[in-house]
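Please read it alongside the sequence and the coordinates shown here.

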Amino acid sequence: MKNILLPTDFSENSWNAIKYAISFFENQDCNFYLLHVKPIRTIEFNDDPLIMIQSDIDLLDVKPIKQELRKLLKRVIELSTNKLNHHFYTIIEENFFIDGIRKNIEEKQIDLIIMGTKGASGLEKIILGSNAADVITKVKCNTLIIPENATFTVPTEIAYPTDFSLSHNLQVLQPVAEIIERFKASLRIIHISKRKMELNEDEKQNKELLEDFFNPYPYSFHNLTNKKVEDAVQCFIESRAINMVCMVAKNIHYFQQILFHSKVENISYHVNIPFLVLHEKN
């Protein structure tokens, strides 16, 4: 039984992620937790912020949120075709956003966060909304980011950019192997270098480790030369029918180049391709 956390702010982006999650796990037994994190409300009193008491919070905020969650739950149940094995729960968490996510990950033993995001504007420095960016960088839980224009497509082609540094345990890639097996998908391992050059001994050894790990599954290596990693990933995705991109959060070099940069207007896949961020378990 998978435990899936679905953060929601009742926006279209979060609803899109919920729809994706239900389709993605259509044939699996799952507990889905619809989580709304309500920021802790404060009031100003003689220039000092005071935390409001629970009865005030209930009166001002919680009741309307409960109504919204009930409406959302009804929509979700109607959407699910797996009525016997999909179980849905609603949670209101009065907390700071990341603290609320972390608390429920631990309490509910969450396996995966699935959340929506709206692409940043051209004036911003990241391609993700701030909540999604905070989750994948500050919360150690595997997270599937669903962009605003993404619709569920069976992930038959998965791109995995890597620099062959393998600063992580290979077991962190097990969720990718599970997706490949479940959907009969193929993995495209992308190595990007600024100029054509031979792999050093460590990189060769790490490439062999990846070959051994993914040996039971269909995979292929692709060597690309480009000064900018994000541009190379963009070109690769455009040239193939890629349905999902996966990254290891600990591989911070690639991670930052692909997800955090200023050339927002040049990167289009972030609005329609789901992005799986993997974390090593503590």
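Predicted model: local features only at pLDDT ≥ 70, side-chain atom pairs only at ≥ 80, totals over all residues.

**Pocket lining and helix packing**

Helix H5 provides the largest share of the lining of the largest pocket, contributing five residues.

**The largest pocket**

- The space in the largest pocket amounts to about 680 Å³, and of the 26 residues that line the pocket, those closest to its centre are Asp111, Leu112, Asn142, Pro175 and Lys281.
- Strand S1, residues 2-7, and helix H5, residues 174-183, each supply at least two residues of this lining.
- Sorted by class, the lining of the largest pocket consists of twelve nonpolar, seven polar and seven charged residues.

**Helices H3 and H4**

- Helix H3 (residues 97-108) packs with helix H4 (residues 130-138) at an angle of about 50 degrees, and their axes lie 10 Å apart; the two helices are therefore oblique to each other.
- The crossing in which H3 passes H4 is right-handed, and the contact is made by Phe97, Ile98 and Arg102 on the H3 side and by Asn131, Asp134, Val135 and Lys138 on the H4 side.
- By class, this contact of H3 with H4 comprises three nonpolar, one polar and three charged residues.

Conventions: Residues numbered from 1 in each chain as written. Heavy atoms only, no water. Axes fitted to C-alpha atoms, helices over the stretch in contact; angles between N-to-C directions. Helix = DSSP H or I, 4+ residues; strand = E, 2+ residues; numbered from the N terminus. Parallel < 35°, antiparallel > 145°, perpendicular 65-115°, else oblique. Left-handed = near helix turned anticlockwise from the far one by under 90°. Contact = heavy atoms within 4.5 Å. Nonpolar A, V, L, I, M, F, W, Y, C, P; charged D, E, K, R; others polar. 1 Å grid on protein atoms, 1.4 Å probe; cavity = no way out; pocket = protein on both sides within 12 Å on 5 of 7 lines; lining within 4 Å. Points joined across faces, edges and corners; volume = space filled by probe spheres on them.
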